[in-house]
Amino acid sequence: MTNVLTGILTNSLQAVFAMLIFPGGLFVLALGLFLKGVDRKVLARLQRRVGPPLYQPVLDILKLATKETLIPDTANEGAFQLAPVLGLTGMLVTAALLPIGGVWNGVTGLGDLLILLYLLPIPAMGLMLAGGSSSSPYGALGFSREMCMMFAYEMPLIASFLAVAVRVGGAGGSGGSLLSLPAIMDYQYLHGPLLFDPVMLPAALALLLFIPGTMGSGLFDIPEAEPEVIEGPLLEYSGPLLAAFHLMSAVKLVVVLELAVALFFPNPLVATGDGGVMVNLLWHICKCLVLLMVSVTCFRAATGRLRLDQGFSFFVKYTSPLALASLGLAFLLR
Amino acid sequence: MQTYAPFAMYVGAMIALVSEVLAFRSLKDLKRLMAYSAFAQLGYALVGLGSGETGGVVGAALQLLYQAAARTVWFLCLRRLATEQGGFSLQALAGAGARRPGLTLLLGFSMFTAIGLTPFTAPPGKEFLLLAAVQGGGIWAALALAAAGIFAALYTVRVIHEVCLKTGEMPEPKPAYFAGVGAGSLMLAGALALACLFSGTLAESVHGWLAGPVETAGHTAGLGAWPLPVVIAFLGAFAMFAMVRFAPKLRGLAALALAAATLGAVLAAPVPAIDPLRQLFTLLFALGGGLVVVYSIGYMEGHEGEDRYYFFLFLLLASLLGLASATEVAAFYSSFEIMTFSSYMLVVHKRTDEALAAGAKYLVMCVGGAGVMQVGLLALVATGASSGLAPVDLFAPGGLAGALAAFSPAASAGVALLVLAGFAVKAGLFPLHSWLPAAHPVAPSSISAPLSGLLTKVGVFGVALVVSALASAPLEGGYGQWVLWLVTAMAAATFILGEVMALVQQDIKRMLAYSTLAQIGEIGLVLSLGTFAATAGALTHVLNHAVMKDLLFLAAGGLILRAGSQRLGDLAGLGKAMPFTGACMAVGLVSIMGLPPMGGFFSKFLMLKAALDAGQIWMAALILVGGLMGCIYYGRIIKVLFFSPYKGAALAPLPLTMNLAMGTLAALALCSGVFSSQWVALVLPAASALFPAGGSLPDIAIHWPLAAVIPLLGAVLAIMLRKNLKLCGAAATLSLVLALGWAIAGTGFPTELQRYFALLVLALGVLNLAYSTGYMSHSHSPWRFFAVFLTMISGLVGMTTVSSLVAFFCFWEIMSSWPLFFAIIHEETPSALKEGTKYFLFNIAGASLLFLGVLLLGHACGGYGFADVTKGVGSLPVAVWLPGICLMGVGMLMKAAMLPVRIDWQMHPATAPTPVSGYISAMLLKSGPFGILLLRFVLASGASGDAAQALDTAMYVGAWIGGVTILYAGIQALLQTGIKEMLIYSTVSQLGYVVLGICLGTSLGVAGGLLHLFNHMLFKDLAFLCAGALMFASHAHNLEELGGMGRKMPVTFLCFSAALFSAAGMPPFNGFTSKLVIYYALIERGELLLAIIAILSSVITLAYFLKFMHGAFFGQLTPAAERASEVGLAMRLPIMLLAGLCLLTGVFPGLALIPIAGLVQSLGLTPPQVGLSGIISGYGACNMALLSFMLFAVGGGVWLAVSRLTARGVRRTAIHTCGETSVDQRLTRISAGDLYAAPIKLLAGMSKGYFSLKRLGGQHD
């Protein structure tokens, strides 16, 4: 009985720490805003502009937080205010659940791919709620576009998750599929990163395309497309509520990057202990930065925007088959 | 002399035949006709004389004597009429009856007497000479005489119709009845009548004078030999006819007294000499006849010819009783002829042209059949007489078989066919059926009832006798089997003909007549199997059909009486305008459709079972298909009577006596189902008398548990309290609370699975009924709604307390057949009727498959108890029981609305009042998965090895069906804009998850499926109740009519969000856990493709729920939303409770998972390790409590921060319209139908147009 109680207590403490400080909470907020800053700066340089300072996102947030809140008189006020809260909450919790190679093993029992699969769409849901509840037609359009993109990018996401699970579970000798992130990472510590596994390469590519898809950047800047639907769901937002949405986006960026890292290249640089943790954390951030550059910043700089139907069929035609190919191979080779 | 005797016989027969044919051809000149016909009598006499038997001489003498008297009267009357009308041609004499009623009466009497039809007994001569002919080896001569009799009947009926019965213009003033008759003919006719009445005595004396007093008694029918009830009815008919001449006011009372006396005599002194079979029929006839008399008192009041009507009705009753109790051929034949005569007179009672035509057909067919039958019977008697034995009682068990044994196999088959002919006509077996649909519509309804209900049963009685004789003592060379096959073929043809023809009828009585054909065909089919079980089943159905069809005709008669038309279309809405008659009619219809709890179901079951036992699967299938067709036309009657608007003046109530008769029959129909085993016990002695070897019948006793009875009592209470909606609803809710209490405390559940299901059924029922109390205030006749709702729940509960397949199916039908149909069409709009009918037919189809499965499975396992089946599955080879189980499984899947059948046909509660729609979606359709669990883990729990593998394969197919359905129904839901349509398709999609989980058959799969069953129950009911609140407040049916309701109804909006998050599987709401477990179960089994489908579909779930939310709650207010406001407490409380439960069971899935784990264990699987926070370890482990804690903590923090910041200043603005200030904001709404236009267009492109953006559902009528 005491064992159970201690178990629950440690678990809870671990969870509280994770969500307040690291890897969720303060850490993820800071990292998210930092990554956003880097993104903007590098993009500016790529476009031969000077660009804002690295801390510009923080300034933006602070400014918005002090602004007045505007709410359309035909909006559903409760939902309008809750939408950003919902999105931000979902991402903060998700961030707290993600393990970091050589640094943090995640919250016991919750580092599971299927759970993440359900937490990941929460920001999109927040945006859709926002678009709907704002009562703006642009909001509704953005909502619809968001949903459409979700149909598109959910399939490669599921398939690559399952591909990883099957690959890890099958090769690990357990015969089944492993869906727990720590277990997946353990496997890669033993067998090398999945990124270098030829069977998993298509899935890794698919995930690489999933990131801009879900972040709505570059080719896939469709739901909020400013020139088309005037930021869609966010059109009517201002002040602290908009700040929450920006934070949500920043945290989400961290989450998808960290997730990709955990799935395909979680390997730490050095053994833990004696400050190794700090090294590994920096190593982790580096990996995130590289991934950011590849999948978001450069992608964004190099591409324009697709039409909704083009974006949709891009995922159906190219990304999904990639992920499915990995899944099929992994299934056959297990 | 001896050498020439046979010649004389045949010459005589030829003379008779040719003369009668010639007579028939001389209808133009009645004088010549009479001459030919008289000449024919010489032929008859010659046959008697030539037979070489003493009886033949006596017969010839008697024949000449009677015919001479009859023909003298005939001639005298005809001459007088001819002088008055100016000619002997039929044309000249036509319509003479109106002018000279007395004269034509005598003419008719004499002519009928000449062919052997009288209200008294038949003239005895023909009987003697036929017997003599048969004894003398002249059976062909006898048959030729029978053929001659047909021609005689043909011209007689033509003449009588033209001359006597045709209603010409009534001359004014009305002539005195007996004017111009003449004393001579009157006296002669009187003498003839007396001679007929005392034919026995007369025959004996003639015999004594000619050949000495020997054993004549056996061949004549004397009054003294008749049993008391027959004598009472027979003499009573005359007495009453005489009495009411003087005291017409006492008519009703006298009829009642006479009927009571007859019935009393039957009950008080069952005729000792006769066997159970005949006792059964005697009782049936006395009771049925008595009810018809009671009904007639009100029905015939003030009609023309009332006295005549009662006279023939009692004659009919007497003859029926006589038939059922006769022990001798002569008495039997005599009764048969009186029956034919009296029923013919009743058929032509109205004397319209159609009535006369139908009557003629009826009479000629019956006379022909009876003539042939008489030859056959006499042939049987003759064998006994020539071997010097005492005359056998042919109608006693074994009597017929014994008599047949004296013949060679081929000959005895031939004789059996002869006997069968007469009965086949009476029963209306194809091709001898054509009188039946002709006679029923033209007769008064009070006569159609016994024609169908009682008269045809005489035929069935005879067929049963012949079949049992042939089946119990098989003939060498298979001749007997040929006869049986012939019966089967005739019955099958009759059955198909009846069902098909009934479909196209517009006249309700003609439709019912064809339905009689179908039912008789069904009975005949099963009877022809010639087994104990078949006979018992068929006899039970005889009883039931007598009750149901009498009831239907009598009730239809009441409706027709008030509507003044027999056309079905003209009866529109009458069921509501005449509630009592309508209710009785409904009971009859439900029973005849074979739906529980009425008796028709049980007899049908026994018959189907017997067919299977005899290895005739095709027969069972045929009967089931026919039953489906039957439901189409019976359903049409229901629709027209009850769910069409009534456009007419208020109607006077029917007389008490009519209601009394109908009420009694309706009560009997109910009793036959509720006390099914006692009811069947009534026919068991008869069946064992026919088949002394006996056999076993399945146990069809239905035990009604208290938990199922209490809701029914609640239904009764709701009907009684109909004046006050609040009280009505409270009573209904309370009854379910009581039943729930019983289920919580009770021990009457055979398995844990059933107990849990009962708890869910009742608990959700309480919520929905409480909600209905508020909701129904904007609908009509809430009491009816409550009554059918409670009946449905009673069926559901009943299913959980049974331990036999039969009882299971019985309650299954109570749950899903007519109560649900009534619930769906409650609003009575055209679309409700259409959808209801679609559902009803589909349900019958699905239930038929299920039923066939039940039959096959029980048949294979040798019993219908769960224990028998479990034992059978454990010990018998797979191939024996798998078809049954698979068929049942298909039925279950159809109930759960799975593909590949069109989903909108399977379940369409969209038109039902929302609380019941919600209940159907949330609970009732779960009986499919529940049934699958029951099949696999209770009934087939003993399967191992190959058997288990076969079952798993079947389940695997089911899992794929579930998986595909998830996706398909999800996309369909995405396309819908109807409020309920979308939720309904969503239900199907979610049920796909449940089926998928359960059909995996693994511990995790079953646990996940059950958990989703539970969770879906909560969130889908919540969604429906919220939708109901929206519809209640706005009167909208379509999401496009709504908008901005979230601002008008914040509580509903909040609670709907809970449903949304649950359905989409968003933690910490409950849908998340169950879906997670199902995904894990899939991945554990390696079903990755199914897993992808299932996970992907949850995005679709999210999409359509968001669309609902957007369409209904967000955006600008629509006109419908303008007038809306939050609903009352009775509706809000259940909604809030459900929303709270969705969250609570999401945070602590253990609340549901812990009992489910116990349940999984009770099913023989190793349950997953569970705790309050969900599955603890292994696949599917997830600490929901912790996750929820994190979500709440973070969410709370973020909310606090944001709200602190926003609290500083909020400004209301107009939405951004690109600076254009003159935009009408109301036009900026993006409605539900437009929301996903783009994605759906993409989808349509991908699916080659299969899915397209239509505005589906939710139309107003």
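**Exercise 1.** At roughly what angle do the axes of helix 3 and helix 6 of chain B cross?

*Solution.* Let's start with the ground rules. This is a predicted model in which local features need pLDDT of at least 70 and side-chain atom pairs count only at pLDDT 80 or more, while totals for chains, interfaces and linings use all residues. Residues are numbered from 1 along each chain as its sequence is written, chains are lettered from A in the order in which they are written, and side-chain values use heavy atoms, without hydrogens and water.

Step 1: take helix 3 (residues 54-85) and helix 6 (residues 101-114) of chain B, whose axes come within 8 Å and cross at roughly 145°. Helices here are DSSP runs (H or I, at least four residues), and the axes are lines fitted to C-alpha atoms over the stretch in contact, with angles from 0 to 180 degrees between N-to-C directions.

Step 2: look at the residues that meet (heavy atoms within 4.5 Å). Among them are B:Trp74 and B:Leu78 in helix 3 of chain B, and B:Leu107 and B:Met111 in helix 6 of chain B. The residues of this contact divide into 11 nonpolar, three polar and two charged.

**Exercise 2.** How many residues does each chain bring to the contact between chain A and chain B?

*Solution.* Step 1: chain A gives 77 residues and chain B gives 70 residues.

Step 2: turn to the salt bridges (a side-chain nitrogen of Lys or Arg within 4 Å of a carboxyl oxygen of Asp or Glu). The two chains share two of them. One pairs A:Glu77 with B:Arg1212, with the closest N and O atoms 2.3 Å apart.

Terms used
Helices (H or I, at least four residues) and strands (E, at least two) are DSSP runs, numbered from the N terminus. Ala, Val, Leu, Ile, Met, Phe, Trp, Tyr, Cys and Pro count as nonpolar, Asp, Glu, Lys and Arg as charged, and the others, Gly among them, as polar.
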